[in-house]
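Hello,

Please find the structure below, with notes on what turned up in it. Have it open while you read.

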Amino acid sequence: MSQVATCPTCGSKSRVKEKEGVVSYQAVQDEEAFKKIGQMKKAMEKFKKKAEELEQELEALKLKM
């Protein structure tokens with residue numbers, strides 16, 4: 001999942017990418033797209049949390065058997 005931050009050069013909302021120690025910024029052109037990115041990020045965190053809970057439950061069930 002890409003990170004979103006303010007570009008230090010132009011001040012726009014940008015996706016931050018780091019490859020081999022080099023940080024690059026790619027501007028998000030549409031404010032609506034920026035909102036969607038935020039919504040998707042929140043949804044992914046929710047699903048990640050649920051998956052972790054299910055993994056813990058599965059481990060607990062395996063130990064009982």
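**Charge on the surface**

A patch of negative charge lies on the surface, where Glu45, Glu52, Glu53, Glu55 and Glu59 gather. One of these residues, Glu45, sits in helix H1, which covers residues 31–64.

Before going further, note that this is a predicted model. The protein chain has an average pLDDT of 85, and 97% of the residues score at least 70. Confidence in the protein chain is highest in H1, at a mean of 90, and lowest in S1, at 78.

**The strands**

Strand S1 (residues 3–6) and S2 run antiparallel and are joined by four bridges. Within this pairing, Gln3 has Val16 in S2 as its bridge partner, while Val4 stands opposite Arg15 in S2. The hairpin of S1 and S2 has six residues between the strands, and Gly11 there takes a positive phi near 80°.

On the other pairing, strand S2 (residues 13–19) and strand S3 (residues 22–27) are antiparallel, with six bridges. Here Glu18 stands opposite Val23 in S3, and Arg15 has Gln26 in S3 as its bridge partner.

**One point on reading the strands**

In a regular strand, side chains alternate between the two faces of the sheet.

Which residue in S3 does Glu18 stand opposite? That residue is Val23.

Regards

Conventions:
Residues numbered from 1 in each chain as written. Heavy atoms only, no water. Patch = residues over 30% accessible without salt bridge, like charges linked within 9 Å, V, L, I, M, F, W, Y side chains within 5 Å. Areas by Shrake-Rupley, 256 points an atom, 1.4 Å probe, with all protein chains shown as cover. Salt bridge = Lys/Arg side-chain N within 4 Å of Asp/Glu carboxyl O. Lys, Arg positive; Asp, Glu negative; His and termini not counted. Charge placed at Lys NZ, Arg CZ, Asp CG, Glu CD. Helix = DSSP H or I, 4+ residues; strand = E, 2+ residues; numbered from the N terminus. Pairing = 2+ DSSP bridges. pLDDT = per-residue confidence, 0-100.
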